Amino acid sequence: MYIGDQWDLTTDFSIKAGIRYSFFGALGPRTYNIYDPDYLPSLTTITGEKTPDGGFFKTYHGPEFRVSTRYEITDGLSVKAGYNTMRQYIHKLSNTTVMSPTDTWKLSDANIQPQTGWQAAAGIYKNLASNTIEVSLEGYYKKMNNYLDYRSGAELIMNHHIETDVLETEGKAYGAEFMVKKLLGKLNGWVSYTYSRTQLRQSDLRVAEPVNGGEWYASDYDKPHEFKLVGNYKFTHRFSLSVNCDYSTGRPITLPVSKYEYAGGEYVFYSDRNQYRIPDFFRMDASFNIEPSHHLISLTHSTISFGVYNLTGRKTPTRYII
């Protein structure tokens with residue numbers, strides 16, 4: 001359920017606000033374990049099990065608030081700000097940053113709580129050159145609770161009791177983006193630079209050895225620097241050239257840093273989680289476009305495009321850790 005409204009307090013100042021109420025129910029029949037609440041869920045802390053015949057055996061619900069404001073300081077100069085809360089009932093569990101058939105999607109149930117969080121954002125926007133160029137600067141801060149991250153040595157594939165290999169983790173994300181847009185004219189497009197961080201921390205007091213000693217560590221999606229350029233140049237109404245350029249900091253990665261022997265066996269010692277990074281990402285694409293016809297009364301319109309992907313031939317680094 002959702003309800004919202006907009007109030008134009010003056011010609012320059014407006015407010016949008018709303019509330020969304022979400023409900024989630026886990027349905028039986030299903031068998032699930034009951035664990036000792038004083039210890040982390042594991043096969044040794046099971047105190048019993050339940051097998052509901054049907055219907056809702058666990059429900060979660062709550063409100064999500066949203067509010068945003070806009071104030072036009074002068075003609076072509078405005079500021080915007082917003083705040084919203086969130087609830088999410090599905091979790092992606094993975095120890096790799098690439099899409100994979102081994103990724104596990106877990107719905108909340110009796111042992112997995114939904115993720116919750118809030119986000120605040122604000123920005124300033126300025127139109128230049130008779131409103132043909134837009135310059136903006138935006139910043140945001142996001143807080144996350146009950147984010148699921150895997151334990152060290154976790155087995156995520158075909159695990160029927162996934163709660164024994166994950167931890168409810170707190171997270172935070174923050175950053176700022178500077179963007180310049182030109183929407184009209186022979187040369188149009190946009191360029192942006194973003195600085196952003198996404199970090200996690202395991203603060204559950206029941207964890208004897210939290211990841212990275214309980215300090216904040218980079219999540220798999222932490223890419224501090226990102227630069228994007230999209231440009232189009234029209235030679236004529238029929239011929240145009242397009243260029244797309246993308247650069248970003250490499251994703252974090254956990255690496256084996258040494259190996260050792262113990263009790264007749266050989267073992268690998270890993271670095272702190274996500275302590276290293278893969279090489280930075282860079283890619284440039286270009287295309288030449290031809291529009292054969294501009295007749296307004298034509299039944300169809302077509303475009304012929306000749307494109308080159310990864311113009312500089314740079315290798316794309318990826319990682320896949322099992």
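The following dialogue explains how to read several features of a predicted protein model.

Biologist: What kind of model is this, and how are residues numbered?

Modeller: The model is predicted: local features need pLDDT of at least 70, side-chain atom pairs count only at pLDDT 80 or more, and totals for chains, interfaces and linings use all residues. Residues are numbered from 1 along each chain as its sequence is written, and side-chain values use heavy atoms, with hydrogens and water left out.

Biologist: How many helices and strands are in the protein?

Modeller: Helices (H or I, at least four residues) and strands (E, at least two) are DSSP runs, numbered from the N terminus. In this protein there are 21 strands and zero helices.

Biologist: What does the radius of gyration say about the protein?

Modeller: The radius of gyration is taken over C-alpha atoms, and the globule rule is 2.2 Å times the number of residues to the power 0.38. Here the radius is 25 Å, well over the 20 Å that the rule gives for 322 residues, so the protein is more spread out than a compact globule. The C-alpha trace spans about 75 × 55 × 45 Å along its principal axes.

Biologist: What percentage of the residues count as buried?

Modeller: Buried means under 20% relative accessible area, exposed over 50%, and partly exposed in between (1.4 Å probe, protein chains only). Of the 322 residues, 33% count as buried.

Biologist: How many salt bridges does a search of the whole structure find?

Modeller: A salt bridge is a side-chain nitrogen of Lys or Arg within 4 Å of a carboxyl oxygen of Asp or Glu. The search finds 11 of them. One joins the side chains of Arg20 and Glu64, at 2.8 Å from N to O. This pair links distant parts of the chain, with Arg20 in strand S2 (residues 13–28) and Glu64 in strand S5 (residues 55–74), 44 residues apart.

Biologist: Is Glu64 buried or exposed?

Modeller: Glu64 is buried, with a relative accessible area of 3%, whereas Arg20 is partly exposed at 33%.

Biologist: Which parts does the salt bridge between Lys143 and Glu170 tie together?

Modeller: The side chains of Lys143 and Glu170 meet at 3.0 Å, N to O. Lys143 lies in strand S10 (residues 133–150) and Glu170 in strand S11 (residues 166–182), so the bridge ties together parts that are 27 residues apart in sequence. Lys143 is buried, with a relative accessible area of 17%, and Glu170 also counts as buried, at 14%.

Biologist: With which residue does Arg283 form a salt bridge?

Modeller: Arg283 pairs with Asp285, their closest N and O atoms being 3.0 Å apart. Arg283 is partly exposed, with a relative accessible area of 32%, while Asp285 is buried at 13%. Elsewhere, salt bridges that share partners join Arg20, Glu64 and Arg66 into one network.

Biologist: Where is Arg151 found?

Modeller: Arg151 is in the loop between S10 and S11, and is buried, with a relative accessible area of 15%. Not counting residues up to four places away in sequence, the residues touched by Arg151 include Leu40, Pro41, Glu163 and Arg273. The C-alpha atoms of Arg151 and Ser287 are separated by 45 Å, the two residues being 136 apart along the chain.

Terms used. Contact = heavy atoms within 4.5 Å.
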